[in-house]
Amino acid sequence: MADEQQYDYDVLVIGAGPGGYVAAIRAAQLGLKTACAESRETLGGTCLNVGCIPSKAMLHASELYDHAANGAMAKLGIRTTVELDLDTMHGQRRDAVKQLTGGIEFLFKKNKVTWLKGRAAFTGAHSVDVGGQAVTAKNIVIATGSSVTPLPGVTIDQKVVVDSTGALELPKVPEHMVVIGGGVIGLELGSVWRRLGAKVTCVEFLDQILPGFDGDIRKESNKIFKKQGIEFRLSTKVTGVAVNGDKATLTLEPAAGGEATTIEADCVLVSIGRRPNTDGLALDKAGLSANQRGQIEIDHDFRTAVDGIWAIGDVVPGPMLAHKAEDEGIAVAENIAGQHGIVNHDIIPSVVYTWPEVAGVGLTEEAAKERGEVKVGKFPMVANSRAKTNHEPDGLVKVIADAKTDRVLGVWCIASVAGTMIAQAAQAMEFGATSEDIAYTCHAHPTHSEAVKEAAMAVQGKPIHI
Ligand code: FAD
Ligand code: NAD
């Protein structure tokens, strides 16, 4: 093996998404000579280019449109004549992406991270080919992220049948959008186009939307989205999509089997999950292989089975979330530098940016009960003064605590600002809080967060406002 002096870099990161670019910046901050290989034209990965950022730009704009168009603003005494200018809406989305991806390029320059443009493939455990250039590094971090899971037999043409990338860029509002998969992407992007005027039908294989979320929260959010006009076909599978011109005919069957039916749509969104990007990496040349789910297995410190090769983000087991990838990026760089990088994988918040937002951290009630006896406190947003004042009656907060120790095991919310509210729950849990700790913490009034305090008080059976 080559000695240290012969490596081109101390650290080579493959992939410049939130996992990879953060790892590269932290490694450079720690004094390591660092490069990052990225095959896209811009930095930032899925998240900044075609994921978190553009979807939130469309969610924010369509939410304001919806408030103006559906009479919510008129109720506050603000009368508007509403007209959709979809080109401008797309323009502000592209602008947000351009500014943020350009921002990463600036941070790379500032921190002296070399951007190697091109697709990387291993040629050995410490060597990689990046678009024809041979590069060696003492440490290599695989942060190649994930891509859309295809539905067998269904071709994504990005016109009639789209994935999340196509659904962000539709040139006109569909008349009828069928969303295949009632997960995060289906609900967020389905909400965008419903608000802008499309009829939206969501076909979900399971008997409830949002797998992985707390049972009460799944049921309640389903009710809310239904009330907003999304039609759900639960326990149903799509067995075929036939495209004819600008129309699609979907064949549906009960998940358990049974008689097939068809529905027509002018837009079909395939959002049945994402799969790790390991194809083309030539892992075998490095002595590595992916597991059955295509993921790269790692230990607690993000080390793979091969010395000097590390992996983080969507390509490793765990939730596929940008903030989890970012935290892993910091931790892996610190570990490479000989420090003690840690991510607490038990406390990774998850947020669906619909209206209202749906958020959670820690265990669901179902999972917590499997481990032992629990106490649960709930507080409805309709009884929260700020939500009431803002005409946001839908939702609730639910706190799950260990029955013996009172330690908080999970917090779940549906509220207009649930994504912001969940941060306090994550922090409290990180500090090992009991429900009593949250209940006796002074919360500013009037805020949505008071509902978290009240739900914690409800764990002891003593909320004030219900
Ligand atoms: P990625 O962001 O996927 O980046 C990997 C990068 O590696 C890519 O740029 C890719 O081009 C590059 N690459 C791959 N292979 C190679 C190779 N061989 N050589 C060179 N480069 C390579 N998460 C949230 O937390 N909040 C959200 O609101 C949110 N919204 C989302 C909305 C949508 C529509 C989608 C699709 C995803 C969303 N996510 C969200 C998920 C989030 O985008 C991912 O969890 C996150 O981007 C994962 O980061 P990563 O660094 O692991 O990989
Ligand atoms: P998902 O796993 O969240 O949901 C996919 C859904 O499709 C599931 O409910 C599943 O039961 C259903 N499904 C699977 N096969 C089906 C079939 N044949 N017919 C009908 N339904 C089927 O996946 P997603 O919504 O595609 O999102 C992918 C990833 O991106 C997620 O892991 C998520 O973490 C991430 N993401 C996060 C955010 C966020 O944090 N706000 C936003 C978007 C995406």
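Author: Begin with one contact: a polar side-chain atom of R119 lies 3.5 Å from a nitrogen atom of ligand 1. A polar contact is a pair of N or O atoms within 3.5 Å; within protein, one must be able to donate a hydrogen and the other to accept it, and residues adjacent in sequence count only if both atoms are side-chain atoms. This is a predicted model, in which local features need pLDDT of at least 70 and side-chain atom pairs pLDDT 80 or more, while totals for chains, interfaces and linings use all residues. Residues are numbered from 1 along each chain as its sequence is written, chains are lettered from A and ligands numbered from 1 in the order in which they are written, and side-chain values use heavy atoms, with hydrogens and water left out.

Reader: Which backbone atom lies 2.8 Å from an oxygen atom of ligand 1?

Author: That is an N or O atom of A322. The side chain of R40 also has an N or O atom 3.0 Å from an oxygen atom of ligand 1.

Reader: Which element gives the most to the shell around ligand 1?

Author: Helices (H or I, at least four residues) and strands (E, at least two) are DSSP runs, numbered from the N terminus. Here α2 leads, with four residues.

Reader: And ligand 2: which residues come nearest?

Author: A residue is near a molecule if one of its heavy atoms lies within 4 Å of it. Of 22 such residues, I185, E188, E204, G273 and V351 come nearest to ligand 2. An N or O atom in the E204 side chain is 2.5 Å from a ligand 2 oxygen. Polar backbone atoms of I185 and of G273 each lie 2.9 Å from an oxygen atom of ligand 2. Helix α6 (residues 184-195) supplies the largest share of the shell, three residues.

Reader: Where does ligand 2 lie relative to domain 1 and domain 2?

Author: Domain bounds come from an automatic or database domain assignment. Ligand 2 lies between domain 1 (2-147 + 275-336) and domain 2 (161-272), because both give residues to its shell. The C-alpha centres of these two domains are 28 Å apart.
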